[in-house]
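This briefing concerns a metal site and the strands that accompany it. Please consult the sequence and the structure shown below while reading.

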Amino acid sequence: MGKTIRVAAAGDIHAAAGDRDRVREAFARVGSQADLVLLAGDLTQHGQVDEICVVAEACAELEVPVAAVLGNHDWHSDRAPDLRRFLAEAGVAVLDRSHAILRVCGVGVGIAGAKGFVGGFEQQWANFGEPIFREAYAETTRDVEALDQGLAAIEPCAVRIALLHYSPVEATLVGEPERLWLVLGAERLAGPIRLHRPDLVVHGHAHHGSFEGDVDGVPVYNVAVHVIGREFWVFELDAETRAPAPPVAVEET
Ligand SMILES: [Fe+2]
Ligand SMILES: [Fe+2]
């Protein structure tokens, strides 16, 4: 057993402007239980600046690094660039079709992040001819390509993580009506995961989905707070063996 990195993850916090105390207390608690915090999108209810400030202020008080992707709700008010800026000013590594390599407990932890987008599973809708359908398909393609490039860039890291909002697999959507799966994830996001085999994949977005899935043995977890039933889920990752076994998911105390 090598060095263990404790990674806390949560998605779909959906902070409102009045949630300042609740969010700050939750982050303060997890700051003492984890070495790294991941936020899997939908940080806000409506993508408002006063909502993101609730999260940014809580992040700024943490001593452990935080990495985040935005979710669809964070785009509701067309303020995504402002939201990214407030998070970045609070010290958060905001991943938007990009990657970061963080030094955590003396170990290089690589995180490739993208929001992801729609597409579903075994769907052929991209063959529709209208430009708006082709553009939606191309939007997902941009996320797939960025995830591929990000995972390639973090290949040398001792711990490698993919951080998404939309799901790359059906398994973590089970519990949601199947008619919605088209807009809850995209199987094409699994391609880069299958190729690069990161140690951990986390996403959110599917509030009524399931916790655990995999892409050809690569562990995938839906960490939406509605699914995990707590503020954060803390994973323990072995930084030295890069063991192919799924990480141990430890309960918060
Ligand atoms: Fe959400
Ligand atoms: Fe979402």
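**Iron site and strand E1**

In this predicted model, the iron ion (ligand 2) is coordinated by Asp 42 (OD), Asn 72 (OD1), His 165 (NE2) and His 205 (ND1), at 2.1 to 2.2 Å.

**Geometry and sequence spacing of the site**

- The site of the iron ion (ligand 2) is irregular, the angles among its 4 donor atoms being 88 to 159°.
- The donor residues of the iron ion (ligand 2) follow the spacing D-x29-N-x92-H-x39-H in sequence.
- Asn 72 belongs to the loop between strand E3 (66-69) and helix H3 (80-89), and His 205 to the loop between strand E8 (200-203) and strand E9 (212-215), so the pair ties together parts that are 133 residues apart in sequence.

- Asn 72 counts as partly exposed because its relative accessibility is 22%, and buried means under 20%.
- His 205, with a relative accessible area of 10%, is buried.

**Strand E1 and its partners**

- Strand E1 (residues 4-10) is mostly covered, with 5 of its 7 residues buried.
- Strand E11 (residues 233-238) pairs with E1 in the antiparallel sense over 6 bridges, and Ala 8 stands opposite Val 234 in E11.
- Strand E2 (residues 36-40) runs parallel to E1 and is joined to E1 by 4 bridges; Val 7 stands opposite Leu 36 in E2.
- A right-handed β-α-β unit is made by E1, helix H1 (residues 20-31) and E2.

Methods: Residues numbered from 1 in each chain as written. Chains lettered and ligands numbered in written order. Predicted model: local features only at pLDDT ≥ 70, side-chain atom pairs only at ≥ 80, totals over all residues. Heavy atoms only, no water. Buried < 20%, exposed > 50% of the residue type's maximum accessible area, 1.4 Å probe, protein only. Helix = DSSP H or I, 4+ residues; strand = E, 2+ residues; numbered from the N terminus. Pairing = 2+ DSSP bridges. Right-handed = clockwise from strand over helix to strand, strands pointing away. Donors = N, O, S within 2.8 Å, 3.2 Å for Na, K, Ca; no water. Tetrahedral: all angles 85-135°; square planar, octahedral: opposite > 155°, others 65-115°.
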